[in-house]
Amino acid sequence: MAFFGFGGDTAAPKVTVVTTMKDEGAYILDWVAHYRALGATDIVVFTNDCSDQTDLILRNLNRMGEVHHRFNRVMRRGPHKSALMWGEHEAAVREADWILVVDVDEYLQINVRDGTFKALIDSFPGVDAISLVWRIFGNAGVQDITDTPVPMQFTRTQPARGREGEHRFFKTLFRNDRTRFNRMGVHRPFIEQNAGPINWITPDGTRFDARQIKGALHVNTGYGYEVAQLNHYALRSMDSFLNKQRRGRANHVKGKIDLKYWLKFDHNDVEDEALANSFNRALKVRDLLLRDAALAKHHAAAF
């Protein structure tokens with residue numbers, strides 16, 4: 001699926017990105033353009049109860065063949081887990097070679113070869129899953145929501161080296177092998193009951209042990225940022241944070257987004273401009289998308 005021809009390399013693996021969104025209109029195009037530039041073959045987006053331009057932007061991207069937009073019927077498990085349940089029935093998920101569940105505030109930065117999914121996957125022949133470790137980017141004093149892409153606007157982050165005993169969460173790119181993984185999860189796939197050996201690593205090649213394979217959600221070593229890191233922009237601007245606070249959390253439905261949340265994610269210790277400096281490829285995709293008049297209208301209205 002590629003209206004403008006991105007992700008059309010027939011030798012590349014089919015990579016499906018799955019996400020949920022609510023009231024994210026200002027951030028959709030940059031995020032979609034980024035994952036299309038990485039070589040994502042398909043992007044499946046579930047939304048619910050949006051009050052901004054999110055659904056209108058995604059309906060137009062769906063029309064253009066750039067995403068599969070679905071309206072999420074939210075069950076008691078909450079919006080995120082409900083979306084993943086429904087997503088299991090999507091052809092783009094069932095037919096994928098690799099799957100990545102990732103949020104609109106998470107940008108994968110691949111630092112090997114041409115910086116694509118193919119480059120990352122080809123770096124580890126025979127691997128079944130690669131857990132991509134968060135690197136949290138702070139607010140850096142930015143107040144307003146603007147049309148500057150998030151990775152170019154927020155470049156202050158936590159140190160690459162973790163403190164002693166510190167753990168960092170991850171999201172997982174995994175092979176769509178139903179003999180090993182039976183369904184998607186927010187941070188990692190669920191293991192098939194009778195699965196055989198699983199080759200599961202972090203981007204520096206560190207192998208997961210049996211305990212980690214069974215249920216780990218975070219690591220304290222083997223971040224592997226020199227190969228790939230998952231830039232997590234949980235706060236973005238102050239206005240964006242207030243919007244997120246009003247909207248509520250997608251997974252922890254009863255969880256609060258308050259000052260404690262802000263302090264947890266406001267890491268501005270060091271500068272990291274690597275993704276900002278390599279974002280031109282995504283900008284070219286975005287510019288092509290914005291040639292569509294209806295999409296451009298709703299993108300502008302989101303601000």
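Let me begin with the second largest pocket, whose lining residues divide into eight nonpolar, three polar and six charged, where Ala, Val, Leu, Ile, Met, Phe, Trp, Tyr, Cys and Pro count as nonpolar, Asp, Glu, Lys and Arg as charged, and the others, Gly among them, as polar. This is a predicted model, in which local features need pLDDT of at least 70 and side-chain atom pairs count only at pLDDT 80 or more, while totals for chains, interfaces and linings use all residues. Residues are numbered from 1 along each chain as its sequence is written, and side-chain values use heavy atoms, with hydrogens and water left out.

A pocket here, on a 1 Å grid over the protein atoms alone, is an open set of points where a 1.4 Å probe fits, with protein on both sides within 12 Å along at least five of seven lines, and lining residues have an atom within 4 Å of a point. Of the 17 residues lining the second largest pocket, Arg183, Met184, Gly185, Val186 and Phe190 lie nearest its centre. Helix 3 (79-87) and strand 10 (190-191) are the elements that give two or more residues to this lining, and the largest share, three residues, comes from helix 3.

Turning to helix 1, ten of the ten residues in this helix (residues 28-37) are buried, so helix 1 is largely enclosed by the rest of the structure; buried means under 20% relative accessible area, with a 1.4 Å probe and protein chains only. Among these buried residues are Asp30, Trp31, His34 and Arg36. Just after helix 1, Gly39 takes a positive phi of about 105°.

Methods: Buried < 20%, exposed > 50% of the residue type's maximum accessible area, 1.4 Å probe, protein only. Helix = DSSP H or I, 4+ residues; strand = E, 2+ residues; numbered from the N terminus.
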